[in-house]
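Visitor: I am new to this structure. Please show me how to read its features one at a time.

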Amino acid sequence: MESRSERVDSLDVASWLAKHGRTKNQIHVSQPREVSCWTRASSREGGDLKLGDRSGLHKLIPIPTFPADLNEGYPDMFVRKPEGVHPGVEPVAEALAQGGVPWRECDVVTFRNNLNKIAGTPFDSRKEWEVDACLSDGVLFLDIRDGPGDGRSFQNQDRFMYYGYKLEELSTNDNAKPSTVDATSEFCTVVRLRIGDLKIMMAAEIDCYHAGQETVGLGSYVEIKAQKIPNNPRQEQNACKFKYPRWWLQSWLA
């Protein structure tokens, strides 16, 4: 297999646009179509990857018990993801093979995280990002890589991360007793979509699904977000300018 890798140290978006200009043509983005999936078991259970398995996809509770204290169980019941560790893109290729989809028929194989970074640049051109890329047999494989600001910590960061996972647990677990909040287990869908002339295979982690839909699939998937209510107009403005577009983009891709 012939392969080639190349790293571009930096790309200044403003300079690139000044040189190349903006396209006047609309870029067509196709409706994503699910072609495979996987469940990753909790690290407490060995962290095995189960291709084609939906056991990790949780159902959204019709009426969750709210209000609720998101501090409940912290920190003793929090199973964290290893810091700075990201899976390679290999599970995406393995899931495609399991689903009978030849990855050589596409142009890009990636996680949604990378497309969030690239497509989110128009919303926030000041934020730096990085990806690892490898070109193999004409297919571009993109690995997740922490950028300059991704590892930046802030006060109570671990607790706020717990809030997000705790909200997911409350929204999908109808057990009255508090349960372990496990960030190491996951369900991922793998979708096929086209952006312009590029045929893309993309994996995306899914929080849960809405049981009211006729079938379990892309149309039933739900993204859960925890948000502190803005305290002033400036915070609300920043959320509308930066955070909410990122949320929309993430859900729009898959």
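Visitor: Which residue in β13 is the bridge partner of Tyr209?

Guide: Strands (E, at least two residues) and helices (H or I, at least four) are DSSP runs, numbered from the N terminus. Two strands pair if DSSP finds at least two bridges between them. Here the partner of Tyr209 is Tyr221. Strand β12, residues 208–209, pairs with β13 in the antiparallel sense over 2 bridges. This is a predicted model, where local features need pLDDT of at least 70, side-chain atom pairs count only at pLDDT 80 or more, and totals for chains, interfaces and linings use all residues. Residues are numbered from 1 along each chain as its sequence is written, and side-chain values use heavy atoms, with hydrogens and water left out.

Visitor: What is the order of the strands in the open sheet of 3 strands?

Guide: The order is β4-β12-β13, with mixed pairing. Because β4 (58–59) and β13 (221–222) each have a single partner strand, they stand at the edges, and one side of each is left without a neighbour in the sheet.

Visitor: Is Ser171 buried or exposed?

Guide: Buried means under 20% relative accessible area, exposed over 50%, and partly exposed in between (1.4 Å probe, protein chains only). Ser171 has 5% relative accessibility, so it counts as buried. Ser171 sits in helix α4, residues 157–172.

Visitor: Which residues does Ser171 touch, not counting those up to four places away in sequence?

Guide: A contact means heavy atoms within 4.5 Å. Ser171 touches Lys59, Leu60, Ile61, Pro64, Phe66 and Ile224 on that count.

Visitor: With which side chains does Arg145 make a polar contact?

Guide: A polar contact is a pair of N or O atoms within 3.5 Å; within protein, one must be able to donate a hydrogen and the other to accept it, and residues adjacent in sequence count only if both atoms are side-chain atoms. The side chain of Arg145 has such a contact with that of Glu130, at 2.6 Å, and another with that of Asp132, at 3.4 Å. Arg145 belongs to strand β8, residues 139–145, and at 27% relative accessibility Arg145 counts as partly exposed.

Visitor: How many helices and strands are in the chain?

Guide: The chain has 5 helices and 13 strands. Of its 254 residues, 31% are buried. Its C-alpha trace spans about 55 × 50 × 35 Å along the principal axes.
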